[in-house]
Amino acid sequence: MTQPPPYGPPPAGPSYGPPPGGFGPPPPQYAPQYPPPQYAPQPPAPAGPEFLAVDRHNSVVVDMSGVAFEIRDAEAEFSWPEIHTVHYKATPNGKALVVAVVLHNGQFYECQVEAKPKERLREWFAALQAILGHYKPMR
């Protein structure tokens, strides 16, 4: 046999009657649409070519925002508007790439990235030539 709940029936309260005008579901033109309208996805920002050279300690990145160096946990980023020129060459022993950034104010920064195997240096040169031509064409 079941026990009645420890509480009694709800207390009798005043009857409120129907809600006044203006309450209830919204007019059809304001009613929510189900399913909700689908919005067209925004196309991603156009991405340009990118270059990345990295070794155990250093890295060089060239992309649509500019040139970035990381040298043993120190970072430097240069945007295209502040860059006057970008130069690159191989070290005398041919084992590393050196990338230099010259700013409009004359400041000069460089980063050296070791190329292992040495054939990678040729790949980096070809990629850098194309990417720098894309972002910083000759004037």
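Tutor: A residue counts as buried when its relative accessible area is under 20%, as exposed when that area is over 50%, and as partly exposed in between, with a 1.4 Å probe and protein chains only. This is a predicted model, in which local features need pLDDT of at least 70 and side-chain atom pairs count only at pLDDT 80 or more, while totals for chains, interfaces and linings use all residues. Residues are numbered from 1 along each chain as its sequence is written, and side-chain values use heavy atoms, with hydrogens and water left out.

Student: With those cut-offs, is Asp73 buried or exposed?

Tutor: Asp73 is exposed, because its relative accessible area is 71%. Asp73 also has a positive phi, about 75 degrees, although it is not a glycine. Arg72 likewise has a positive phi without being glycine, near 45 degrees, and Arg72 is exposed at a relative accessible area of 57%. Both sit in the loop between β3 and β4, the latter being residues 74-79. For the protein as a whole, 24% of the 139 residues are buried.

Student: How many helices and strands does the protein have?

Tutor: Helices (H or I, at least four residues) and strands (E, at least two) are DSSP runs, numbered from the N terminus. Here there are one helix and seven strands, and along the sequence they follow the pattern β-β-β-β-β-β-β-α.

Student: How should I read the pairing of strands, and which strands form the open sheet?

Tutor: Two strands pair if DSSP finds at least two bridges between them. By that criterion three strands form an open sheet in the order β5-β6-β7, and the pairing is antiparallel. β5 and β7 are the edge strands, each pairing on one side only, and the twist from one strand to the next averages 15 degrees, where axes are lines fitted to C-alpha atoms, for helices over the stretch in contact, and angles run from 0 to 180 degrees between N-to-C directions. Between β6 and β7 the antiparallel pairing extends over seven bridges, and Val101 has Tyr109 of β7 as its bridge partner.

Student: Which residues are buried in α1?

Tutor: An α-helix has 3.6 residues a turn, so residues three or four places apart point the same way. In α1 the buried residues are Leu121, Trp124, Leu128, Ile131, Leu132 and Tyr135. They cover an arc of only 100 degrees around the axis, so they lie on the same side of α1; the arc is that of the directions from the helix axis to the C-beta atoms. On the other side of α1, Arg122, Glu123, Gln129 and Ala130 are exposed.

Student: What covers the buried residues of α1?

Tutor: Contact means heavy atoms within 4.5 Å. The cover includes β1 (51-54), β2, β5 (83-90), β6 (96-103) and β7 (108-114). α1 lies across β5, β6 and β7, running at about 160 degrees to β5. Tyr135 of α1 is in contact with Gly48, Pro49, Asp63, Met64 and Trp80, leaving aside neighbours within four places in sequence. Tyr135 and Trp80 are 55 residues apart in sequence, yet 7.9 Å apart in space, C-alpha to C-alpha.

Student: Which residues have the most contacts inside the largest nonpolar core?

Tutor: In soluble globular proteins, nonpolar side chains tend to be buried together. A nonpolar core is a set of buried Ala, Val, Leu, Ile, Met, Phe, Trp, Tyr and Cys residues joined through side-chain atoms within 4.5 Å. The largest one here has 23 residues, and Phe51 and Val62 have the most contacts inside it. At least two residues of this core come from each of β1, β2, β3 (66-71), β5, β6, β7 and α1, and the largest share, six residues, comes from α1. Not counting residues up to four places away in sequence, Val62 touches Pro49, Glu50, Phe51, Val67, Trp80, Leu128, Ile131 and Leu132.

Student: Finally, which residues does the cis peptide bond join?

Tutor: The cis peptide bond joins Lys116 and Pro117, with omega about -5 degrees, and Pro117 lies in the loop between β7 and α1.
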